[in-house]
Amino acid sequence: MEPADELLEEESALELQTEPMRLNMGPSHPAMHGTVRMVLDLDGETIVNLDLQPGYLHRGFEKSCERGTWAQVFPYVDRLNYVSPMLNNVGWSLAVEKLLGIEVPERCQYYRVILGELSRITDHFTCNGASAMELGAFTPFLWLLKVRDWIWDILEKETGARMTHSFGRIGGMAAPPTATFKDDLRAVIPELHKVVKEAEIMLIRNRIFLDRMQGVGILTKEQALAYGCTGPVARGSGVAYDVRKDHPYMVYDRFDFEVPIGEDGDNWDRFMVRFEEVRQSIRIIEQAMEQMPDDGPVNVDDPRIVFPEKSDVYDTIEATIAHFKLVMEGLQTPKGEVYSFTEGGNGELGFYIVSDGSGTPYRVRVRPPCWYNLTACREMLIGEMIADIVPTFGSINMIGGECDR
Amino acid sequence: MPTFKLDGREISFEPGETVIEAAWRVGIEIPHYCWHPGLSIAANCRMCLVHITSGRQMEMPQLELDEETGEYVPATKPKLQPACQLGAVEGMEVSSTNEVVKKAQAAVQEFLLLNHPVDCPICDQAGECKLQDYYQEHQGTLKRKLTEPVHKPKGVRFGPTIVYDAERCIMCTRCIRVSDELAKDHVLDMRERGDRNEIVLAPGRELDHKYTLMTEHVCPVGALTSSDFRFKARVWFLKSRPSVCTGCATGCNTHADYDPRNGKVYRLRPRDNPDVNEFWMCDDGMMTYTRHDTDRLLMPTAGRGEERTPILEGDALELAAEKLSNVESSKLGVVLSAQHTTEDNLALVKLAQALGAEHLYLAALGGWEGDDILRSEDNNPNRAGAMRAAGGVALKPVGDLLTDVQSGSVQGVLALGARTAERLEELAPLVVLDAVVSLTTHVGALSAVAAVAIPVADTFEIEGSFVNEKGMEQAFEPVLAAPIGVEPGWRTIAALAGLLGHDLGFEDLQGLRRGLGTEVEAAQ
């Protein structure tokens, strides 16, 4: 134990009584990932009070949805949690499909699971890599992002875009899996295992890293529940809630995977939960690859829901009409409202949609997991030092696009 | 009233009514192409087939494929009835949505699209086409036929107003029936049979009766298109507002379809009103929308005869007021207009009363043929309204104005509207007068002889009402915004009155209407 620590135990030996100071952190600050502003009341370097002010990235997502067709929402959901856009695509597809009362073919469900889990891995890699980098560990960050790029290569090959895929469709996907899809996955999975291990070797016995992560930014289980936290934040605090396990959707009930949970609810637990979830995601992908049929339809067989093939649109009147109706009036949904929720990168990503029976959403409300995790951030930070904001806020993985909408 | 049940819902009907008609009256649409509430029953499209679920079931023999053995075995299916021809019977239970009916609807729809060309991208009907609507609602399967569709004549000129495309036609015969039954002219008929069916003109004839545009209006698909509207606009860009036709004293109710992006009306469609025009309008009435943009007066002008110079707004009203104040009020002739709204005319009558002017005239159009179908003998939309506004004072024709000017009993003229039956040369006596003021929407004979002509807003741009020849007061609302600086007639008259030192006693249209003493029925 170092001398300073000994002195600390004598009450307020090192405490310099200072005048309280108010400090603005953000909205434009390197540690404030997605332009959020924190108004800090400081006593020396200790945070006495903290006012979190999100909203700088508000684009009116929900309102924008009300002026297009149901299908035109996909590019918007890409830009919610833009670190794992495929999970949002799948979430939105499932919400509208629930409203329509349809289920996509099994092949598509497996396809969605695999693409979604790949997205989750990129999400966790980004978050953990950035956490390490912000504490000075640049190498693991570069390693993780290198492999993230390989995953993006697969996603690019499948969807045509590295990040904003807009690949989901109501009643299916924009395209069936490519012929080399499974081979590409088999090539990259060993690299995923390897990089997680390497990053862990670099970090989990690194004294500096441990001191900044362990025992910092604690969120108790009760607090996590009280704030409605979900995802790695809640699981880091010991709440074993995972939508994939507790309310299985698509084919998640067919896979054998664990839900890792932490004990202390500190930055360290959240960090380790994310790495363990990457391993579980790989397990899911491996099982899904085995079970996914190699042929068969991807989209539901109804030209009133899924756009017909372009060649048919040019050649036959039926497909022309279906295309015209889907473009001009949008997919017709029954009147009603549904709440559909999936496990997003940061927790329960919910879409509450109201339909007035027309081709346009009447109201769309998103439950962005970040929002609830961010509000809990205040509990984590009060009593900590300014420097702890960086790893703690990083471990929330607040994504402005999703939080502020 | 007797009732029957349609899809579990009680519907009352008049004895003799059909199922489709009774359902239509309460706002339920049983899918149909050939049936039209204003036409006779053809029952040829088979889209409105329904299943009578009560009483003795009629079965039809058919062969069904046995999936296991792969052989066709004899079976039966319920016999369906066309709802358009099926008289409603007390206590009858009808289904228009059960599985049997759905299958029939899908099959009929598939048949209708069998040889349909891939024309939606170039078809004027796209966006308001029954084939598109019912495909989406009742079929929803892709093409099964692999052979080339049957080709038939396209772009056939039927007459000055209508172009026919036989490939798009579903042979519902609505156009034949509308010619026969509305226009009483059997100029259209059908030839051949099966997939060679085609609508043809009577030999040596053109489609040239007075109601040709109604054939296009009733066409549920894009087979008949109007030469006027063809390729002009896409219907999904158009918005619609209710209005009233200005073509004649019948006052047919219309939908004015306009493009909000450029503020232009592209067509009129009849608006159902059983008391006035039922479902129909005549060709001339349908084309009245073109008057709106033609020869509009947009700037106040000064001059004599046809050589005129624009004057700045504000100055124009003052100039008019100055000229009118030089005339002894008893020698001022006030001309009402049978083309303008009752409100415009009423404001002018109030001004005449305030000034003490005694000579009231009425400018009206002529030169038009009526018929006993819809077209009134009088081609002015609001003669009755102008007379009502005058409140019993006799309105003299414009011909009398010329005599009065020549005799010297009228030395100044304040005229509303520019359209009158008299030609410009006939109005020459007015040119010698200094104080001739015209408040007008368009350039016409009266505005051409005026010393000062001031533009006012047109029917499409104002709220107001017309009184038709039956004495029915029909209010309408603005469809478009008036050009900048152009005000409604009644407001311009009130401003002119202010400059002449009179308050006409109303602030807005409601205040003005109170002077009329009747409540105006609002447009639907």
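This is a predicted model: local features need pLDDT of at least 70, side-chain atom pairs count only at pLDDT 80 or more; totals for chains, interfaces and linings use all residues.
Strand 1 (residues 3-6) of chain B joins strand 2 of chain B through 4 bridges, in the antiparallel sense. Strands here are DSSP E runs of at least two residues, helices are H or I runs of at least four, and both are numbered from the N terminus. Two strands pair if DSSP finds at least two bridges between them. Strands of a sheet pair through backbone hydrogen bonds, either parallel or antiparallel. The open sheet in question has 5 strands of chain B, ordered 2-1-7-3-6, with mixed pairing. Its edges are strand 2 (9-12) and strand 6 (81-82) of chain B, each pairing on one side only. Helix 2 (residues 99-112) of chain B lies across strand 3 (49-52) and strand 7 (93-95) of chain B. The helix runs at about 165 degrees to strand 3 of chain B. Such angles run from 0 to 180 degrees between N-to-C directions, with axes fitted as lines to C-alpha atoms, for helices over the stretch in contact.

Now step back to the domains of chain B. The assignment gives domain 1 (3-112), domain 2 (156-292) and domain 3 (301-514). These bounds come from an automatic or database domain assignment. The centres of domain 1 and domain 3 of chain B, taken over C-alpha atoms, are 57 Å apart.

A second open sheet of chain B has 3 strands in the order 8-9-12, with antiparallel pairing. Strand 8 (156-157) and strand 12 (224-226) of chain B are the edge strands, each pairing on one side only. Strand 8 of chain B meets strand 9 (residues 162-164) of chain B over 2 bridges. Within strand 9 of chain B, Tyr164(B) stands opposite Val156(B).

Further along chain B comes strand 16 (residues 301-304), which runs antiparallel to strand 17 (residues 307-310) with 4 bridges between them. Strand 16 of chain B also pairs with strand 23 (residues 452-455) of chain B, antiparallel, over 2 bridges. Follow Ala302(B) here. Thr309(B) in strand 17 of chain B stands opposite Ala302(B), and Val452(B) in strand 23 of chain B is a bridge partner of Ala302(B).

How many of the 8 residues in helix 9 of chain B are buried? The count is 6, and the helix, residues 383-390, is mostly covered. A residue is buried if 20 or more other C-beta atoms lie within 10 Å of its own, exposed if 12 or fewer, and partly exposed in between, with C-beta atoms placed from the backbone. The buried residues are Arg383(B), Ala384(B), Gly385(B), Ala386(B), Arg388(B) and Ala389(B). Their cover includes strand 18 (332-337), helix 8 (342-355), strand 19 (359-363) and strand 24 (464-467) of chain B. Gly391(B) follows helix 9 of chain B, with a positive phi near 60 degrees.

Asp434(B) lies in the loop between strand 21 (412-416) and strand 22 (435-440) of chain B. Asp434(B) counts as exposed because it has 11 C-beta neighbours inside 10 Å. Not counting residues up to four places away in sequence, Asp434(B) touches Lys323(B) and Ala451(B). Contact means C-beta atoms, placed from the backbone, within 7 Å.

Turn to chain A, with its 17 helices and 8 strands. Its radius of gyration, taken over C-alpha atoms, is 23 Å; a compact globule of 405 residues would have a value near 22 Å, so the two agree. The globule rule is 2.2 Å times the number of residues to the power 0.38. The C-alpha trace of chain A spans about 85 × 45 × 30 Å along its principal axes. Buried residues make up 49% of chain A. Val39(A), in strand 2 (residues 37-43) of chain A, is partly exposed because 14 other C-beta atoms lie within 10 Å.

Finally, the two chains meet. 15 residues of chain B are in contact with 15 residues of chain A. The chain B side has 8 nonpolar, 6 polar and 1 charged residues. Ala, Val, Leu, Ile, Met, Phe, Trp, Tyr, Cys and Pro count as nonpolar, Asp, Glu, Lys and Arg as charged, and the others, Gly among them, as polar.

Terms used:
Residues are numbered from 1 along each chain as its sequence is written. Chains are lettered from A and ligands numbered from 1 in the order in which they are written. Two residues are in contact if their C-beta atoms, placed from the backbone, lie within 7 Å.
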